[in-house]
Amino acid sequence: MIQIRLFIVLLFLGLGSQNSFSQNYKFKTSGFSVLEKNEKGKWGKWSDLELVNIQVSLDTNKSRIVVYSEIIQLFEIVVYQPIEENDTDIVYSFTCKDNNGEDCTLSIITRKKQGNRKQLYISYDNRIIVYNIFNM
């Protein structure tokens, strides 16, 4: 009986010491496209999808998102926005500052009606970059 109690106490101590409050999510990209505003401030057309195979990391412990492209894109998360969900999408958005101190919004969108396909949108005032992503 003492062995069972000791086992239960050790089990709870082991589980209780885990860092369960932070997580690191890793994604791979399969392609990206860019949308830019023209000189009149109107949105143009999406560029052709370019195939890319790069890693993306969301680290909630360090409050940052890193896109490991040829030039590493580091985004410091300033605000975790509320999750938005509707019939077609689940959207996780983050207000961020990039490597250059420029404000932007990053959104990880799960397309429910497209086989739960995921996309990462990096939105600035004058351009939007979208990456097709999948969990690693």
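**F32 and Y131.** I looked up F32 and Y131 and found both buried, buried being under 20% relative accessible area, exposed over 50% and partly exposed in between, with a 1.4 Å probe and protein chains only. The model is predicted: local features need pLDDT of at least 70, side-chain atom pairs count only at pLDDT 80 or more, and totals for chains, interfaces and linings use all residues. Residues are numbered from 1 along each chain as its sequence is written, and side-chain values use heavy atoms, with hydrogens and water left out.

**Aromatic pairs.** I counted three aromatic pairs, taking rings of Phe, Tyr and Trp (its six-membered ring) with centres within 6.5 Å; planes under 30 degrees apart are stacked, over 60 edge-to-face, the rest tilted. F32 and Y131 make a tilted pair, with 5.7 Å between centres and 35 degrees between planes. F32 is in strand β1 and Y131 in strand β9, 99 residues apart, and the pair links these distant parts of the chain. I then noted Y80 and F94, an edge-to-face pair at 5.7 Å centre to centre and 80 degrees between the planes. Y80 belongs to strand β4 and F94 to strand β6, so this pair ties together parts 14 residues apart in sequence. Y80 counts as partly exposed at 39% relative accessibility, while F94 counts as buried at 6%.

**Contacts of Y131.** I listed what Y131 touches (heavy atoms within 4.5 Å), leaving out residues up to four places away in sequence: T29, G31, F32, V52, I54, V67, Q73, K118, Q119, L120 and I122.

**R127 and Y124.** I found the charged end of R127 over the ring of Y124, 3.8 Å from its centre; the rule asks for NZ of Lys or CZ of Arg within 6 Å of the ring centre and within 35 degrees of the ring normal.

**Whole chain.** I read one helix and nine strands, from DSSP runs (helices H or I, at least four residues; strands E, at least two) numbered from the N terminus. Of the 136 residues, 34% count as buried.
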